[in-house]
Amino acid sequence: MKTSFHFLLTFVMLFMQNANAQVPESDVFETTEGKLKIFFVGHGSLYLEFNKIVIHIDPYSRVADYTKLPKADLVLITHEHRDHLDMNALNAIRKDKTQIVLTEICFAQINEGNILRNGESKTLMGIKVEAVPAYNIVNLRENGQPYHPKGNGNGYIVHFGETKVYIAGDTENIPEMASLKNIDIAFLPMNLPFTMTPEMVAEAARSFKPEVLYPYHFGNTDTGKLVELLGDTPEIEVRIRKF
């Protein structure tokens, strides 16, 4: 009898551990139109829940088992690199009416979705999505070409009521960031040589002053350095989450 009880207890504990392992860390924000919940999946991947709408950002199958995550009503793809445009992850979360927002280069690869170019916007399921530039200036390949050429990729500003969430994609601290207005929550990438150093992220954040800043896509970069750099800017709350 004791053996059966211990076996059952072990099974339940393992089941709960596995179940919890599939639920990423999350934060909740109150907006003028309901709660926004943001899940930090890993690398450059997130998903958001808002009024029963699920939005996936750059799903990437190396950081999660997407067959166990919620199906997407909307998917935003920032650019064509395989850690951002992953067909295995995308297919795992799609359903019949899933809407996809993407760049021209990404559209050429999957032949469907809503193309947004830098500066364009579209409202889907009552949620406004703006595409903004995302590119390199300093960090270049050996052949002199930037890792992310201007015009190829998007960052996205997503409106949830009056709350604006900026997901920067793979970019450096480009001049266009200084023109961003009233950003409540920002995700800025922080890994070399592809995106930014902590110093670049701090400079970018100071240019448009989001209320909450999440470094993401940071690999092995020391996130504590960013906290230190922005220690004299209390109006920006830096939150470090597991990526």
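Student: Which residues lie nearest the centre of the largest pocket?

Tutor: The model is a predicted one. In it, 13 residues line the largest pocket, and its volume is about 260 Å³. Those that lie nearest its centre are His-43, His-81, Arg-82, Asp-83 and Phe-194.

Student: How do the residues of this lining divide into nonpolar, polar and charged?

Tutor: The lining of the largest pocket holds 13 residues. They divide into three nonpolar, five polar and five charged.

Student: Where does His-43 lie, and what is its phi?

Tutor: Strands E2 and E3 form a hairpin with two residues between them. His-43 is in that turn. Its phi is positive, at about 55°.

Student: How many bridges join strand E2 to strand E3, and which residue is the bridge partner of Ile-38?

Tutor: Strand E2 covers residues 34–42, and E3 covers residues 45–50. The two run antiparallel, joined by six bridges. The partner of Ile-38 in E3 is Leu-48.

Student: Which residue in E2 stands opposite Val-28?

Tutor: Strand E1, residues 26–31, runs antiparallel to E2, and six bridges join them. A hairpin leads from E1 to E2 through two residues. Opposite Val-28 stands Lys-37.

Student: Is Thr-223 buried or exposed?

Tutor: Thr-223 belongs to helix H5, which spans residues 223–229. Its relative accessibility is 15%, and buried means under 20%. Thr-223 therefore counts as buried.

Student: With which residues is Thr-223 in contact, leaving aside its neighbours within four places in sequence?

Tutor: Contact requires heavy atoms within 4.5 Å. With those sequence neighbours left aside, the contacts of Thr-223 are Met-190, Pro-215, Phe-218 and Ile-240.

How values were computed. Residues are numbered from 1 along each chain as its sequence is written. This is a predicted model: local features need pLDDT of at least 70, side-chain atom pairs count only at pLDDT 80 or more; totals for chains, interfaces and linings use all residues. Side-chain values use heavy atoms; hydrogens and water are left out. On a 1 Å grid over the protein atoms alone, a cavity is a set of points where a 1.4 Å probe fits but cannot get out, and a pocket is an open set with protein on both sides within 12 Å along at least five of seven lines; lining residues have an atom within 4 Å of a point. Grid points are joined across faces, edges and corners, and a volume is the space filled by probe spheres set on the points. Ala, Val, Leu, Ile, Met, Phe, Trp, Tyr, Cys and Pro count as nonpolar, Asp, Glu, Lys and Arg as charged, and the others, Gly among them, as polar. Helices (H or I, at least four residues) and strands (E, at least two) are DSSP runs, numbered from the N terminus. Buried means under 20% relative accessible area, exposed over 50%, partly exposed in between (1.4 Å probe, protein chains only). Two strands pair if DSSP finds at least two bridges between them.
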